[in-house]
Amino acid sequence: MDNLKDNDTKTIIKVDDLQTSFFTHKGEVKAVDGVHFDVPAGKTLGIVGESGSGKSITALSIMRLIEAPGRVKGGSITFNGEDLLAKSEAEMRRIRGNKISMIFQEPMTSLNPVYTIGDQIAESYQIHQGLSKKQALEKALGMLELVGIPSPKARLKAYPHELSGGMRQRAMIAIALACNPELLIADEPTTALDVTIQAQILGLVNDLQKDLGMSMLLITHDLGVVAETCDYVAVMYAGKIVEYADVNTLFANPKHPYTVGLLKSLPRHDIDQEELEVIRGMVPRPDDLPNGCRFAPRCPFAREMCVERLPDLEDQGDGNQVRCWIHTDQWDGPEVNVRDDYGYSESTQS
Amino acid sequence: MFIYTVRRLIQTIPVMIGVTLVVFLMMHLIPGDPAQIIAGESANEQQVEQTRERLGLNDPLPVQYGTFVGNAVTGDLGNSIRSGRAVTDEIGARFWVTVELAFYSTLLSIFIGLIAGIVSATRRNSPLDMIIMITALFGLSMPNFWLGLMLIQYFALNIEWLPVSGWGTPQSIILPVITLGTAGAAIIARMTRSSMLEVIHQDYIRTARAKGVKERYVVYKHALRNALIPVVTVVGLQFGVLLGGAVLTETVFAINGLGRLVVEAIGQRDFPIVQGAVLILALMFVFVNFIVDISYRFLNKRIDLD
């Protein structure tokens, strides 16, 4: 499966049929169930979905940081032509924080409270480049400057609790980017921050990505963030990708009812709104998934076939890939234009 | 750090005042007339009155308290009723025996407890973890006088490796230290295990792994230092408990420690000795807690000056 449109670009990471499950005493819980995507070199792929859709588990699967009782059950993750799932733990350690880095949602708890910011950044250099503590701290200072932390010399000796949330996230970014990784996985990097700080951090990540030529996998539930940052978008629902497109296509011409529902629930500034739209119902629990289309219980267009059979992710010819019966020849209902019939008109998203 | 230390030191002053006040009031709260007790049961009214005057018991209470604290500060805790010797002399030598016993026992508890706790936590739910935790449960539930007797029975009487009793030679301290340290080791092992398990699921541990840190360093560098914070409290409390609670162990091994002195003094109604011993143990406890607070600050930089 090749999601690339411009095939002359190198693919940095290719995830194929990834399956990650948690084996609890109640049985297997499929958190990620057959996910495919590519991230082209230098580009940003956004994975969008609600809580519990499996997007963070996808990220942790790539890092091979799934903890028991969870396990990557199947599929392949190809990074620079090498299968990450076949690597030993020692080989993975040389990749983590070096070739692939990750930043997390919670800057308040993601830094070790008993070590200084400087020590925690320097550790990356000591591990991956074999630098002495002194050399590593010098490079750490450079990273603090790069991520725009004021008076970096003093901050080097600061402990995490002495920094604000935004500053801590900058420090996390400094740790992640220390060894100049080829791929940055950002798991909801701005969710826990104030709105003004969110914009700063997103801007910083965007700039650094361009300057350093990194590829990025951005995990978020916020389509506003996607619009500002991503080149491609994969919409995830209940462990599966339901729609994949480049960012312009997705916003201009969303095809899956779930995507349209998400877009509709964004606040709009171009039209008068009495109240925000919501998608009715809840994400199904991963241990109790519907047999057919997983969105069927919440979908306004759902028919019997949707409840009974799971559609494939199919290429629509115009850059979209959609997992929905409506967009197949087999659709047995009246003709539906998801976008219009769901009441979504393209907004002037920035 | 210096300011923090000084502040914590100042904060111990009210506690020490409280301790001296309680110890001082003991004299007046126990049933009976202190003068009568000190003068002896056979003393006549005149002798009792003389004793009362000599001890200043006719003065108002605040004055008496002032005199008591003033004397205590200069190292005068009165004289033993039985021997007539100064309380500080009576307590002196035996106090250090008990401190030594408690100190070595605590060291043993920390050593065994930490290792067992870390091994248990890193191999959670493995057979080894279960064996350690069941052993810890035994260690915790076993009355230490019984453990002491069993150790004597085997190591001293059956295989004759170690002396039955006494204190001072390297061989003689082994059994008492094991006896007294076992329960502490069990508590520290359980505490370390649960603390490690809590820390190991923190976000910053995931960050360390995502950085490519070796699992060994994840455990010993990133997790352990955070996990030690609650363990230090337990160690401090443990040391205090051992100081006061060594009585049974001292009795089983016939060690002339403070605990035995107090028990004897209570039996003989030697009130000044009891008072002096309680005061010294309480002050030692305050001191240990002060040390614990200081070491907190080393482990956990979040503890602020306020």
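Over residues 13–263 of chain A, the chain is 39% helix and 28% strand, with the end C-alpha atoms 27 Å apart; helices (H or I, at least four residues) and strands (E, at least two) are DSSP runs, numbered from the N terminus. According to an unreviewed UniProt entry, this stretch carries the annotation "domain: ABC transporter"; UniProt positions follow the numbering used here, feature names are shortened, and annotations may be inferred rather than shown by experiment. The model is predicted, so local features need pLDDT of at least 70 and side-chain atom pairs count only at pLDDT 80 or more, while totals for chains, interfaces and linings use all residues. Residues are numbered from 1 along each chain as its sequence is written, and chains are lettered from A and ligands numbered from 1 in the order in which they are written.

Turning to chain B, there are 13 helices and zero strands. Its C-alpha atoms fill a box of roughly 85 × 55 × 30 Å along the principal axes. Of its 306 residues, 36% count as buried, that is, with 20 or more other C-beta atoms (placed from the backbone) within 10 Å of their own.

One helix pair in this chain is worth a look. H5(B) (residues 87–122) and H6(B) (residues 127–141) pack at about 140 degrees, their axes 8 Å apart; axes are lines fitted to C-alpha atoms over the stretch in contact, and angles run from 0 to 180 degrees between N-to-C directions. Ala116(B), Val119(B) and Ser120(B) in H5(B) meet Leu128(B), Asp129(B), Ile132(B), Met133(B) and Ala136(B) in H6(B), contact meaning C-beta atoms, placed from the backbone, within 7 Å.

Methods:
Contact = placed C-beta atoms within 7 Å. Buried ≥ 20, exposed ≤ 12 C-beta atoms within 10 Å, placed from the backbone.
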